[in-house]
Every structure is written in structure tokens, then in C-alpha cells.
Amino acid sequence: MIRFIQPYIDHAGEWLPLLLEAMGKTALLSVSAFALSLVFGLLLALCRNTRWRALERGVAFYVTAARGVPLLAILFLLYFGLPGIGVTFDAFTAAILGLALAFAAQVAELFRAGLMAIPAGQREAALAVGFTPYQSFTLIVLPQVVRISIAPLIVTFVSLLKDSSLASLITVDELVLTGRAMATEYFLPLQIYVAVGVCYFLIAWPFSLLSRRLAPTAAR
């Protein structure tokens, strides 16, 4: 046990700054991608409820395809594939877009379930008292959808955070790639990858606790 812990004591001053910087990049990547997925997901959910059958079917196909295609394939397509037709993204931007496009499908289904849980009479009542369609949606419907969806959305963010490790395969300098470089330099892969796992846990654990706390509230 002492032999396992000793490298942390010996190299703490060198490892800690590297891991903290990588944690910051991982958090920035995950939060940016999740924020974008919320926007995409809400738009997709609204399109699923449209009366335009062609649009509804197109969005339904996208949601099914995005949930069925491996995230790594989406990342490779954006970073390695699109340059073949003249569209180029840097690695960090490609990772944000790939994560957002993949998880927007899951977010869309959560929002869609929330929308379906709101009685249609609430919107009709809001329109009857003089609200515009925009006001009835933003002031009456959307807050209730967010309350219903908040706990599973946090769980989805934790999943996105863990899947952001795949961005290392398109050279995004996040926790996994940093850990790989450190393992190559220090020849201590066990200790370093344990430290990387602890870093992911430290980011994700508070959100997991929050989702558990909010779940009973959202159910009411």
C-alpha cells in the first residue's frame, strides 16, 4: 500500500497542476457541449410535436440515428471526415459539436416526455386569458417541463462528462489524454489513471447527488 501511495507524495507538486488544468478543460468541454445540446434538444423536441409530418418524421429519424451511432464515429466524422469536403474544425470545437449532436437526441426525448406530461388545457387556458402562444409556452409550459426534466437532465450531463473522455482520440487535451501523456513520461500508469478516475469522480459526484435530491421534487 505504501509503495502505491508513495508516487503521489513524490510527484504531487508536478502532477496536481497538470490534472487540475485537465479537469478545467474537461469541465469546459462538457458544460459547453451540454449547453449546446440543451438548445438543440429543445428545438428537436418542439419539432417532434409539430403538425408538419415531414419535419416530425425527419426529426424522429435524426433522434433514432443519433442514439444508434457510436459517439466516437460522430467525433471522427466531424474531425477527420469533414475536412475532405472543405469543412474543418479544431479538435476542441469538433468535440463540443460531436457531444452536443449526440446528446441532443437524448435531451430531446427528455424534453418531449416533459411536454407530453403537461396537460393541453393549461396552454389553452393561458391563451384564453390573453397570453400569446410564445408567452404561454415560456411562462406556463417551459418552467414545468424544466422541473419535470431537471433530474434526468443532470444524469445525462454526467453521462456526457464521462463520454467526453473519447475526445482524447481526436487530440483534445482533456483528462484522459493528459493522463496518457503523464503515464508515458513517469512510467506509473496505475497511479496516474487512478488519479484520472478520481478527477472524473470529483466532477461528477456532486451532480449525481444533486440529481438524487431533485428527483423527488421533480416527481411532485
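Axes here are lines fitted to C-alpha atoms, for helices over the stretch in contact, and angles between N-to-C directions run from 0 to 180 degrees. The structure in these views is a predicted model.

View 1. The chain has 8 helices and 0 strands. From the N terminus on, the order of elements is α-α-α-α-α-α-α-α. Taken along the principal axes, the box filled by the C-alpha atoms is roughly 70 × 45 × 25 Å.

**View 2. Helices H5 and H6 cross.** Two packed helices are described by the angle between their axes and the distance between the axes. Helix H5 spans residues 120-128, and helix H6 spans residues 133-163. Their axes come within 9 Å. The crossing angle is roughly 145 degrees. The crossing of H5 and H6 is right-handed. On the H5 side, the contact involves Gln122, Arg123, Ala126 and Leu127. These meet Pro133, Ser136, Ile140 and Gln144 in H6. By class, the contact of H5 with H6 has 4 nonpolar, 3 polar and 1 charged residues.

View 3. At least two lining residues come from each of helix H1 (2-48), helix H4 (91-117), H5 and H6. By class, the lining of the largest pocket has 9 nonpolar, 2 polar and 5 charged residues.

View 4. The lining includes Tyr8, Ala12, Trp15, Leu16, Leu19, Leu20 and Met23. Val194, Ala195, Val198, Cys199 and Leu202 also line the second largest pocket. H1 and helix H8 (189-219) each supply at least two residues of this lining. The largest share, 7 residues, comes from H1. By class, the lining has 12 nonpolar, no polar and no charged residues.

**View 5. Annotated stretches are seen on the model.** UniProt, in an unreviewed entry, lists residues 23-211 as "domain: ABC transmembrane type-1". Over residues 23-211 the chain is 82% helix and 0% strand. The end C-alpha atoms of that stretch are 21 Å apart. The unreviewed entry also carries the annotation "transmembrane region". That annotation covers residues 27-47, 59-80, 92-115, 136-161 and 190-210. Residues 27-47 are 100% helix and 0% strand, with end C-alpha atoms 30 Å apart. Residues 59-80 are 91% helix and 0% strand, with end C-alpha atoms 25 Å apart.

**View 6. Two loop residues have positive phi.** Threonine 171 sits in the loop between H6 and helix H7 (175-186). Its phi is near 70 degrees, a positive value in a residue other than glycine. Phenylalanine 187 lies in the loop between H7 and H8. Phenylalanine 187 is not a glycine either, yet its phi is positive, at about 55 degrees.

Definitions and conventions
Residues are numbered from 1 along each chain as its sequence is written. This is a predicted model: local features need pLDDT of at least 70, side-chain atom pairs count only at pLDDT 80 or more; totals for chains, interfaces and linings use all residues. Side-chain values use heavy atoms; hydrogens and water are left out. Helices (H or I, at least four residues) and strands (E, at least two) are DSSP runs, numbered from the N terminus. A crossing is left-handed if the near helix is turned anticlockwise from the far one by less than a right angle, and right-handed if clockwise. Contact means heavy atoms within 4.5 Å. Ala, Val, Leu, Ile, Met, Phe, Trp, Tyr, Cys and Pro count as nonpolar, Asp, Glu, Lys and Arg as charged, and the others, Gly among them, as polar. UniProt positions are given in the numbering used here, feature names are shortened, and annotations may be inferred rather than shown by experiment. On a 1 Å grid over the protein atoms alone, a cavity is a set of points where a 1.4 Å probe fits but cannot get out, and a pocket is an open set with protein on both sides within 12 Å along at least five of seven lines; lining residues have an atom within 4 Å of a point.
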